[in-house]
Amino acid sequence: MEQPISITPEQAWQMMNDGAHLLDVRDELRFNQAHAKGAFHLTNQSYGEFQNRVDFENNVIVICYHGISSLNVGAYLLAQGYDNVYSVIGGFEGWQKANLPVEI
């Protein structure tokens, strides 16, 4: 099974500034408490909305708690036909440690 490319939080932020889509796959409670600025909350319920917003050739970055679950979600997105899928090393915890923008 194809795997997403692992990138640092800093690389993810730069890619977002260049138009990449960041997908947060953490649970609703954690997402609502705090998430990376500009992140889309990807759930089973919001997947259709995501598909309507994002073309298969767009850069898609997945973030989770610590960088493990995002690999599985990224592999799923690749299997669905998304061409450019990335996973944030260290997840949201790494994002916060890098002092990148957060929305509360």
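**Salt bridges and a negative surface patch**

Glu93 and Lys97 form a salt bridge (a side-chain nitrogen of Lys or Arg within 4 Å of a carboxyl oxygen of Asp or Glu), with the closest N and O atoms 3.6 Å apart. The model is predicted, so that local features need pLDDT of at least 70 and side-chain atom pairs count only at pLDDT 80 or more, while totals for chains, interfaces and linings use all residues. Residues are numbered from 1 along each chain as its sequence is written, and side-chain values use heavy atoms, with hydrogens and water left out.

Glu93 and Lys97 are separated by about one helical turn because they are 4 residues apart in helix H5 (residues 91-97); helices (H or I, at least four residues) and strands (E, at least two) are DSSP runs, numbered from the N terminus. Lys97 counts as exposed because its relative accessibility is 64%, and Glu93 counts as partly exposed at 36%. Here buried means under 20% relative accessible area, exposed over 50%, and partly exposed in between (1.4 Å probe, protein chains only).

The structure holds 3 salt bridges. Another of them joins Arg53 to Glu49, with 2.6 Å between the closest N and O atoms. Both residues belong to helix H3 and lie 4 residues apart, about one turn of the helix. Arg53 counts as exposed, at 51% relative accessibility, and Glu49 as partly exposed, at 38%. Arg26 forms a salt bridge with Asp24, the closest N and O atoms being 2.9 Å apart. Arg26 and Asp24 are both buried.

A surface patch of negative charge is made up of Glu2, Asp55, Glu57 and Asp83. Patches consist of residues with over 30% relative accessible area and no salt bridge, like charges being joined within 9 Å and nonpolar side chains (Val, Leu, Ile, Met, Phe, Trp, Tyr) within 5 Å. Accessible areas come from the Shrake-Rupley method with a 1.4 Å probe; for residues, only the protein chains shown count as cover. Asp and Glu count as negative and Lys and Arg as positive, with His and the chain ends not counted.

Asp55 lies in the loop between helix H3 (47-53) and strand E5 (59-63), and counts as partly exposed because its relative accessibility is 44%. Glu57 is found in the loop between H3 and E5. Leaving aside residues up to four places away in sequence, Glu57 touches Asp83 and Asn84, contact meaning heavy atoms within 4.5 Å. The C-alpha atoms of Glu57 and Arg26 are separated by 24 Å, with the two residues 31 apart along the chain.

Conventions: Charge placed at Lys NZ, Arg CZ, Asp CG, Glu CD.
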